[in-house]
Amino acid sequence: MKLLQKLCGIHAPSGNEIQMKEFLLDYIDKEKRHWKVQPEILASDDFMDCILLVFGKPRTAVFAHMDSIGFMVRYGNQLIKIGGPVCETGYELVGEDSLGKIACTLIVDEETGQLTYDYYREIERGTELVFKAEFREEKDIVQCCYMDNRLGVWNALKVAETLEDGVIAFSCWEEIGGGSVSFLARYINERFGVRQALIADITWVTEGVLPGEGVAISLRDSLIPRRSFIMKIVEIAKKAGIPYQLEVESAGGSDGKELQFSNIPWDWCFIGAPEDNVHSPDEIVHKADMQAMVDLYKVLLKEL
Amino acid sequence: MKLLQKLCGIHAPSGNEIQMKEFLLDYIDKEKRHWKVQPEILASDDFMDCILLVFGKPRTAVFAHMDSIGFMVRYGNQLIKIGGPVCETGYELVGEDSLGKIACTLIVDEETGQLTYDYYREIERGTELVFKAEFREEKDIVQCCYMDNRLGVWNALKVAETLEDGVIAFSCWEEIGGGSVSFLARYINERFGVRQALIADITWVTEGVLPGEGVAISLRDSLIPRRSFIMKIVEIAKKAGIPYQLEVESAGGSDGKELQFSNIPWDWCFIGAPEDNVHSPDEIVHKADMQAMVDLYKVLLKEL
Amino acid sequence: MKLLQKLCGIHAPSGNEIQMKEFLLDYIDKEKRHWKVQPEILASDDFMDCILLVFGKPRTAVFAHMDSIGFMVRYGNQLIKIGGPVCETGYELVGEDSLGKIACTLIVDEETGQLTYDYYREIERGTELVFKAEFREEKDIVQCCYMDNRLGVWNALKVAETLEDGVIAFSCWEEIGGGSVSFLARYINERFGVRQALIADITWVTEGVLPGEGVAISLRDSLIPRRSFIMKIVEIAKKAGIPYQLEVESAGGSDGKELQFSNIPWDWCFIGAPEDNVHSPDEIVHKADMQAMVDLYKVLLKEL
């Protein structure tokens, strides 16, 4: 869990994922000697702040977004949201401006809902603040801000260890609706002809998707991927005996959205562990679901 | 009207249009010997569950979406919508899960608006349900669920009979915002240089667009296509003496949306018969408007 | 200010920018002999109603949208909006239908908010109406409808006078969410490899962005461009000593949206003078901010 803990503490709100990119490139450089197959690493500025890892002869791509939700300083002591964080007075926020490191507190006006920070000095306009990471581990669970989607990134790195054929894409901007998957998907498709994608992201605990009951395979969120592809995945999960839960939601979105609307006929499926306390500093995930997620990705990348 | 009746009864909610694809391929295979020009039929998995028919040297493409609105079983007896169906307690819904065929009833909670089904057994999570088709024909009208857009498909098949130059595209996912037109449009443009499109879909009876008064030519919905193209179409309709009505709406969308935002300079226009009781089991269309729709498409595909 | 005044009076609501295209082509044809570098002018129907000016060896593209907000006649005396105009009873609207020029008055129903026009005769269905341009100039300010974005267009023409390397793109449909930037951006990228863009548009006076205090550099609106690119721009502005203000908003959008979601890795930044009375007939801009806008674009096109 050391790796996951480190990932959760990296400052990478949407639009500024560079620190995550650098951490991952460094990690991959150190660890890849232990991997079964040495990937091609694509991380030039042509990919902006994203990374592609290409293993063998890929048939399927995994997308894991690196960015997180957070806040940005507007004018005076006002804050606005980056993506959709839960807001409660007292949440600890961290960041940095030209005057130095910042650790301040979120204030939510009870009547208007307006967001401000409480700090001993004014923070520079446009400064990004993210939840302070407090990583908590117990026997069955891990808890921290940004399990969404540092756990998806962690999952991709675990899968990389034994991956023979496939692409792993670390994407940006997911929390604000996207902006990198379109060009990553185009590159992957044009160079390798790949048009199957798995979205490695974290979903919600609900009355139908329970903690500890397995990785969620999403039949739909606000979008509906091609049913025949989802059903093929469900069959593979069933045969492999990996604990999974079917998710059926009418709201929500993911990196799958950019694939759905691209000019390439992508099949895609969202597969991820469920978490409770979504988009708060206290996102909590069951370890069994993390394991099921890794297991299912490993099988799917072999069998799809 | 036999063909239209059959089309209305096919299970093809957004994301699962495969039965419609198979029906159409079978129909086309049987009927095309009677057509003026033999089309190239493109229906491999590169086109997912869509079909392209290419006639002669195309200058214009017609898009008709095959998918329908409906419902999906969430958890327990909950239903969520596929697209935007009208919901009234008592509507009959049909579908199928691994235990067999299903004919159940929609229940709308009067206070919360929540949707459930009434059935003697639990239906499997993720099962799709659609309106039960009750096709009604009178002297001047036809009425059934899914005139939107089985009538657009029917229109395309009628136009195919005498079409010399043009592409007919049967698309997927329109009712949930799209997902196939982007790649179909790219293929059509790259191979044939075509960048004129007609959207064969069904629109609304309103105070300005009346049943029996002609096919609707849409000047705009939530989007606004290039005015010069629309005006060229209006001129052709006028000269041909085909009954038409100009539609001007601020809401609504169609397959035109994916063309508008594509990276190809498409001109597009929505042209379709108006219906009343939109998105209900009782969609009703005037036969004269159906005829005007077919007539206008035939002329436009010659003259554009 | 003669040029700006003329631009503000041209009828070019979204979807019907042809008069603006013709005015600009005529203006460019007359003026370009005075420009430092003779641009390639791309304005065939492949670019629909848009124009591209290509100077030297471009590294950066400037997008300035030509279209304006307005109204369209629906049924009877109803009006619907084109984009998001402010609506007040008494606003003067102008347009033309087949019966001739029109100058009518906007009526807003106080209870329902419904829009109608007051005119001595019925106006043809689908007719576009725009605010009547009343150009007002004082020592420090200019005021008129459609400073957004005729001032962005004016800025681009000023920059063109001395531009050595760069693309200027005059785009359509911005006020209704886009439709031309995708194909313009694709052309620019494929032919020149350019993937840096500046959005020359007008923004809002707020408590943080004041009239006369400099051109606004937007750190974000509803979208968040890549931070490293924005910070490079801020550094250049700072070094050049050009008055600028950092804007941080959670709402709003621009031509940048189509770049963000394109399948090309564009960096983009919205840079424009702030105005008060946004989207009304009385949009007002400080001349010092207009000058700062032109100055900053000139420097950026050299240094980026």
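Predicted model: local features only at pLDDT ≥ 70, side-chain atom pairs only at ≥ 80, totals over all residues.
Residues are numbered from 1 along each chain as its sequence is written, and chains are lettered from A in the order in which they are written. Local features need pLDDT of at least 70, side-chain atom pairs count only at pLDDT 80 or more, totals for chains, interfaces and linings use all residues, and side-chain values use heavy atoms, without hydrogens and water.

Start by colouring chain A by domain: select 2-68 together with 136-303 for domain 1, then 70-131 for domain 2. These bounds come from an automatic or database domain assignment. The two domain centres, taken over C-alpha atoms, are 29 Å apart.

Next, show the interface between them. Here 13 residues of domain 1 are in contact with 10 residues of domain 2 (contact means heavy atoms within 4.5 Å). Together the two domains bury about 1000 Å², 61% of it on carbon and sulfur atoms; buried area is the accessible area, with a 1.4 Å probe, lost when two parts are put together, summed over both.

Finally, move to chains B and C. Chain B can be laid on chain C with an RMSD of 0.0 Å by a turn of 120° and a shift of 0.0 Å along the axis (least squares on C-alpha atoms of residues with pLDDT of at least 70 in both). That is the relation of a three-fold axis. Only 4% of the interface residues of chain B are also interface residues in chain C, so the copies meet through different surfaces.
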